[in-house]
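Open the model in your viewer and keep the sequence panel beside it. The tour below goes from one selection to the next and says what is there.

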Amino acid sequence: MLKGSQSWYFANRPVILSTGVVGGPFEKNGLLASDFDQFHGDLWMGQDTYEKAQRIMIEDAVQLALQKSGITQNQVQYFLSGDLINQITPSSFAARTNQIPYLGLFGACSTSMEGLAISAFMINYQGAKYIVTGASSHNAATEKQFRYPTEYGGQKPPTAQWTVTGAGYALIGAGQNVIGPHPRVVSATIGKVVDMGLTDPFNMGGAMAPAAADTIQAHFKDLQLDPSHYDLIVTGDLAKIGRQTALDLLKQKGLDIKEEQFQDCGMMIYSSEQPVQAGASGPGCSATVLYGHLLNQMKQGVYKRILVVATGALLSPLTFQQNESIPCIAHAVSIEFM
């Protein structure tokens, strides 16, 4: 049901039944390597282009999620997926392979929670029994499209972020007949596009922080909750610059969120020895951290309630060339282990 002006409350508690998380060689050396199901040894992944390699990661992650659950692709009603590449072709070509009815999504790095929110809505109202949803990114493919090919070796400022090579996908199902505690989707808040006039494509965190703060404020207002309701509030990929900016903005809005309670996926996935400037980014960032690390932490009893706020910068190479500012968005999904 609709709560407030931009949030959904799911009375039937759709369940995250299983997940598949795949990464590249750089992610294998990160802090969360043990939470991945599979790694590829190089960025090519047996393909002749990076975009095709990204498709392979999606196919692998989807199959892993299905294999863990024992559900076949013929039992899944819909596949919701998105990425950063032109016309979301890695997702669309993966849908060509798995032959599950497909809804392609684009929310930039917010796509993971856009997909989870829509999936939960559809399942809550009996629009499907099973849905596979997720997001992916590939460092070399993204660099080639938005900046320069990695072979160019261009230098980046400290505000820049490292695009995750990874795919995180989940099988979502109806919660009524699921026995035992599972991560369940309780609510979702759909964000507005927020543009503060920033134009620097090497400072995505700073550009996206106001959208994150806006959605978080709307979530608590719509659901009539206090920040203390959650054990963890985690943003998608604001990284060091954006996380601190968002925290400052939230405090200005009167939301008392403790620093240790407010984390960011872009600061969690890599180690301090890896040269990632301000942190990680990409649709695969929040997707792999949530569907791998955070859900594992919930199953281990570290967290009971979390709010995941995936953030996205809705620019393109075309808008940058036309001197447009960067419109941003954030979508929030509440998950409870029960």
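Select Asp237 and show everything around it. Leaving aside neighbours within four places in sequence, Asp237 is in contact with Cys109, Gln161, Met208, Asp264, Gly266, Ala280, Ser281, Gly282, Cys285 and Thr311. The model is a predicted one. Asp237 lies in the loop between E11 and H6, and with a relative accessibility of 0% Asp237 counts as buried. Two polar contacts can be drawn from its side chain. One joins the side chain of Asp237 to the side chain of Thr311 at 2.9 Å. The other runs from the side chain of Asp237 to the backbone nitrogen of Gly282, at 3.1 Å.

Gly236 sits in the loop between strand E11 (232–235) and helix H6 (239–252). Is Gly236 buried or exposed? The relative accessible area of Gly236 is 0%, so Gly236 is buried. Apart from neighbours within four places in sequence, Gly236 is in contact with Asp264, Cys265, Gly266, Cys285, Ser286, Val309, Ala310 and Thr311. For a sense of scale, draw a distance from the C-alpha atom of Gly236 to that of Ile172: the two residues are 64 residues apart along the chain, and their C-alpha atoms are separated by 20 Å.

Next, select Ser110. Ser110 is found in the loop between strand E6 (102–104) and helix H3 (111–124). Its relative accessible area is 0%, so Ser110 is buried. What lies 2.5 Å from a polar atom of the side chain of Ser110? The backbone oxygen of Gly107 does. Leaving out neighbours within four places in sequence, the contacts of Ser110 are Ala310, Thr311, Gly312, Ile329 and His331. Thr311 is among the contacts of Ser110, and Thr311 is also in contact with Gly236 and with Asp237.

Continue into H3 and colour the helix. For its 14 residues at 1.5 Å a residue, H3 should span 20 Å, and its end C-alpha atoms are 20 Å apart, which agrees. Of these 14 residues, 12 are buried, so H3 is largely enclosed by the rest of the structure. To pick out the buried residues of H3, select Thr111, Ser112, Met113, Glu114, Gly115, Leu116, Ala117, Ser119, Ala120, Met122, Ile123 and Asn124. Just after H3, stop at Gln126, where phi is positive, about 55 degrees.

Two packed helices are described by the angle between their axes and the distance between the axes. The axes of H3 and H7 come within 7 Å and cross at roughly 55 degrees. H3 and H7 are therefore oblique to each other. On the H3 side, the contact is made by Ser112, Met113 and Leu116; on the H7 side, it is made by Pro283, Ser286, Ala287, Leu290 and Tyr291.

H7 covers residues 283–299, and its 17 residues at 1.5 Å a residue should span 24 Å; the end C-alpha atoms are 24 Å apart, which agrees. Where does H7 bend? The bend is at Leu290 and is about 40 degrees. Leu290 is also one of the H7 residues that make the contact with H3. Of the 17 residues of H7, 15 are buried, so H7 is largely enclosed by the rest of the structure. After H7 comes Gly301, whose phi is positive, near 90 degrees.

Move to another loop and select Gln87 with Ile88. Gln87 lies in the loop between strand E5 (78–82) and helix H2 (89–98), and the place of Ile88 is in the loop between E5 and H2. Each has a positive phi in a residue other than glycine: near 55 degrees for Gln87 and near 40 degrees for Ile88. Gln87 counts as exposed, at 67% relative accessibility, whereas Ile88 counts as buried, at 12%.

The last stop is Leu249, in helix H6. Leu249 is partly exposed, with a relative accessible area of 22%. Not counting residues up to four places away in sequence, Leu249 touches Ala209, Pro210 and Ala213.

Notes. Residues numbered from 1 in each chain as written. Predicted model: local features only at pLDDT ≥ 70, side-chain atom pairs only at ≥ 80, totals over all residues. Heavy atoms only, no water. Helix = DSSP H or I, 4+ residues; strand = E, 2+ residues; numbered from the N terminus. Expected span 1.5 Å × (residues − 1). Bend = angle between axes of the 7 residues up to and from the residue. Buried < 20%, exposed > 50% of the residue type's maximum accessible area, 1.4 Å probe, protein only. Contact = heavy atoms within 4.5 Å. Polar contact = N/O pair within 3.5 Å; in protein donor to acceptor, adjacent residues only side chain to side chain. Axes fitted to C-alpha atoms, helices over the stretch in contact; angles between N-to-C directions. Parallel < 35°, antiparallel > 145°, perpendicular 65-115°, else oblique.
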